Amino acid sequence: MIRATQFCIAMATLSALVGAAPAPSVSIVVSAPRPSILAGEPLFLTLTLKNMSTEKLLLRSDPDSFARVSVAPNGERTVWTAPPPEGDTGTFFKEVAPGEQETIKMVATETSRLTLPGQYRMTVEYVPLRASGVVDFNVQSFDEGALRARADAIHEAAVTLHDAEGGLNETALSTIEPEVARPFLCDVLKRKPDAVTTARKLEELADSDSIGCLIQVLPNSQGLQREVIIGALRTTMGRVQDDDLREKIGRALSGQR
C-alpha cells in the first residue's frame, strides 16, 4: 500500500507541473450478474480492477474499500460508504502486476431499500486510488411473491456454497425485509455453522420468532457463531418486554459462559 501511495503522489506532482490530469493507475469495470432486480432485493456486483501503471500495486480486496452512489430515475441519490471497522476486522491486499487484474465480488446491500421502479445508474469508487466505474441496473415494482421466491433462492445459495459466495448470499438475505426473509434466516442459522451475519440480524429483529430461533440453535452452535448467539440473547433479554420470553431466554443462557 505504501508503494501504491507513493506512486499516486508522484503522478499528482507531475500533473501539477505539466498542467494535465494524472494518468489513472487503476481502471474499474463494474457488472451486475442480475442487472434487473425486484424492489426489496439487493444487487450483486462483480468488479474487475486492472493495474494500468508500470509498477506493482497493492490493491485492497475487501468490499469496504469501495464507495457507491446510485442515482434513481427521478435523480435521487443513494450513497453508501463503509461503516467503521469493528473489533479486530482485518484489511486484505492483493499484489497486482502491471497489466494484470483482480476480480472482486460484493453485494450492494443498500439497493434493497430502493422502491421506485425504473432504471438506475451506480458509480462504484475504489477509494484508496480515486478510481471509479459505473453500472446500470433496473428495479422492478414490488411483488411479495416474487421477492419471496428470490429470497428462497438466495437462502439456498447461502447454505450450499461454503465459500465467499455463500457469505455474500447470507449478507444479501439479511437485507431483505424481515416479513419475507425471517423463515429463511432461521434455516440458514440452523444449517450453516459459521452463519454469524444471520445471528446478528436475528438479534436486530428481536421478535419472538427470531429469539426462538437463536435459542433453538444455541445448544449445537460452536465457535464464533456460539459466542455471537450468546451475546445476542443476552442483549435481547434486556430489551424484550414479555416476561415469559425473558424467562425463556434466561433458561437458555443458564450455564452458558
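Author: Two strands are said to pair if DSSP finds at least two bridges between them. With that in hand, and keeping in mind that this is a predicted model, we can turn to strand β5, which spans residues 66–71 and pairs with β6 in the antiparallel sense over 4 bridges. One of the residues to look for here is Ser70, whose bridge partner in β6 is Thr78. The two strands form a hairpin, with 5 residues between them, and in the turn Gly75 has a positive phi of about 90 degrees.

In a regular strand the side chains alternate between the two faces of the sheet. Strand β6, which covers residues 77–80, can be read face by face: Thr78 and Trp80 belong to its covered face, whereas Arg77 and Val79 belong to the uncovered one.

Another strand, β3, runs over residues 43–51 and includes Asn51. Asn51 counts as buried because its relative accessibility is 1%, and the cut-off for that word is under 20%. Leaving aside neighbours within four places in sequence, Asn51 is in contact with several residues, among them Ser25, Lys56, Leu57 and a run made up of Val96, Ala97, Pro98, Gly99 and Glu100. With Ala97 there is also a polar pair to look at, for the backbone oxygen of Ala97 lies 3.4 Å from a polar atom of the Asn51 side chain.

Helix α3, residues 164–175, packs with helix α4, residues 178–191, at an angle of about 145 degrees, and their axes are 9 Å apart. The crossing of these two helices is left-handed. On the α3 side the residues that meet α4 are Glu170, Leu173 and Ser174, and on the α4 side they are Ala181, Phe184, Leu185 and Val188. Glu156 lies in helix α2, residues 144–160, and it counts as partly exposed because its relative accessibility is 32%.

Stepping back to the whole chain, there are 8 helices and 10 strands, and buried residues make up 43% of its 257 residues.

Note on methods: Residues are numbered from 1 along each chain as its sequence is written. This is a predicted model: local features need pLDDT of at least 70, side-chain atom pairs count only at pLDDT 80 or more; totals for chains, interfaces and linings use all residues. Side-chain values use heavy atoms; hydrogens and water are left out. Buried means under 20% relative accessible area, exposed over 50%, partly exposed in between (1.4 Å probe, protein chains only). A polar contact is a pair of N or O atoms within 3.5 Å; within protein, one must be able to donate a hydrogen and the other to accept it, and residues adjacent in sequence count only if both atoms are side-chain atoms. Contact means heavy atoms within 4.5 Å. Axes are lines fitted to C-alpha atoms, for helices over the stretch in contact, and angles run from 0 to 180 degrees between N-to-C directions. A crossing is left-handed if the near helix is turned anticlockwise from the far one by less than a right angle, and right-handed if clockwise.
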